[in-house]
Amino acid sequence: MMLAQQWRDARPKVAGLHLDSGACSRQSFAVIDATTAHARHEAEVGGYVAADAAAPVLEAGRAAVASLVGFEPADVVYTSGSNHSIDLLLSSWPGERTLACLPGEYGPNLAAMAANDFQVSALPVDEDGRVLVDDALRQLEADPVALVHLTALASHRGIAQPAAELVAACHRVGVPVVIDAAQALGHLDCNVGADVVYSSSRKWLAGPRGVGMLAVRPELAERLQPRIPPADWGIPMSPLEKLEHGEHNAAARVGFSVAVGEHLAAGPAAVRERLAEVGRVSRQVLADVDGWRVVEAVGEPTAITTLEPLDGADPAAVRSWLIEERGIVTTACELARAPFEMHKPVLRISPHVDATVEDLEQFAAALREAP
């Protein structure tokens, strides 16, 4: 429990009960102070001068992210978040625009695929929505696509995908793999050999909102054709430099860099182990709450637990009641999160490493009282 106590002590005291790290986790004092200090420095010397001064911090953050996903620091660019990352990648994609992904793909990702004119097919999955790697390999051999996109951990269900196994299978048939690690980075092992990994700062890494990352292998990056600035202008910028070009929130990037550093200092393997333990305890505590079904198996190695209503409860209304009446923050997952898989909304909790049995029992008791 030392990790849990250290994590809790490093942050402001929570107002109520925060079980929503899969949406937006709680920043540490160090992250808040670093973000604030950079904003103050911008006011003192000007934004661009402050950004130049922060370059070593930003490069350290780039290197820290690279170490988590198994890339080189030069392969990583900062973005404004996961949605921005996938749009940057897909809008720059050269050649054939065909893609295979899970039937339960995240709705905004599907929207980005459609907006960038990708023809999408579904990968085979089991009854839990976990990809069947051998079946997927046979499908790709029979019907090749330009790329495979895998959300390693979904937003609406805490099922860990066999990312490393799928990457290896796809590479056997020469198909590059893009990993959406929005829920996985800082939660699961994301060093799986993928060709592209992207994520946000605000979830399990507990960084600021409005910043994310995109990592692309050099051989693929050189093929990308970013729209801005136009290629025929002849501006001497690499594709990755173009992807990172433009206005951004430097203070948030500084805070993200500090957050990733804190995660590495805590020990990514220790964090993963603790989050898996939190998930197991959550499901055990919630297993006997009348009117709700725990979706994940007890031993699923994630901290996301989803609850399916059995007696007509409205997860959105329950979420609002929990906040207003009990000060408990959760997520209501509507059908738009996975429009081709979800059949009814669910309630999701995503506690971080500091969650206690007492916290989870407090939530279970409140859920029993919810209208």
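These are my notebook entries on what I looked up in this predicted model.

**Ground rules.** I number residues from 1 along each chain as its sequence is written, and side-chain values use heavy atoms, with hydrogens and water left out. Since the model is predicted, local features need pLDDT of at least 70 and side-chain atom pairs count only at pLDDT 80 or more, whereas totals for chains, interfaces and linings use all residues.

**Entry 1, Ser350.** I looked up where Ser350 sits and found it in the loop between strand S13 (346-349) and helix H14 (357-369); helices (H or I, at least four residues) and strands (E, at least two) are DSSP runs, numbered from the N terminus. Ser350 counts as buried because its relative accessibility is 0%, where buried means under 20% relative accessible area, exposed over 50%, and partly exposed in between (1.4 Å probe, protein chains only). The side chain of Ser350 reaches the backbone nitrogen of Gly22 at 2.7 Å. Leaving aside residues up to four places away in sequence, I listed the residues that Ser350 touches as Leu19, Asp20, Ser21, Gly22, Ala23, Trp204, Ala303 and Ile304, a contact being heavy atoms within 4.5 Å.

**Entry 2, strand S10.** I then turned to S10 (residues 305-309), where five of the five residues are buried, so the strand is largely enclosed by the rest of the structure. Both faces are covered, with Thr305, Leu307 and Pro309 buried on one side and Thr306 and Glu308 buried on the other. S10 pairs with strand S9 (residues 292-294) in the antiparallel sense over three bridges, and with S13 it also pairs in the antiparallel sense over three bridges; two strands pair if DSSP finds at least two bridges between them.

In H6 (residues 107-115) I noted Gly107, Asn109, Leu110, Ala112 and Met113 as buried. These buried residues pack against helix H5 (82-91) and against several strands, including S3 (98-101), S4 (119-122) and S5 (147-151).

Most residues other than glycine have a negative phi, and most peptide bonds are trans, so I looked up the exceptions. Ala206, with a phi near 60 degrees, lies in the loop between S7 and strand S8 (212-216), but Ala206 counts as buried, at 1% relative accessibility. The peptide bond from Ile228 to Pro229 is cis, with omega near -10 degrees, and Pro229 lies in the loop between helix H9 (218-221) and helix H10 (239-243).

Key:
Polar contact = N/O pair within 3.5 Å; in protein donor to acceptor, adjacent residues only side chain to side chain.
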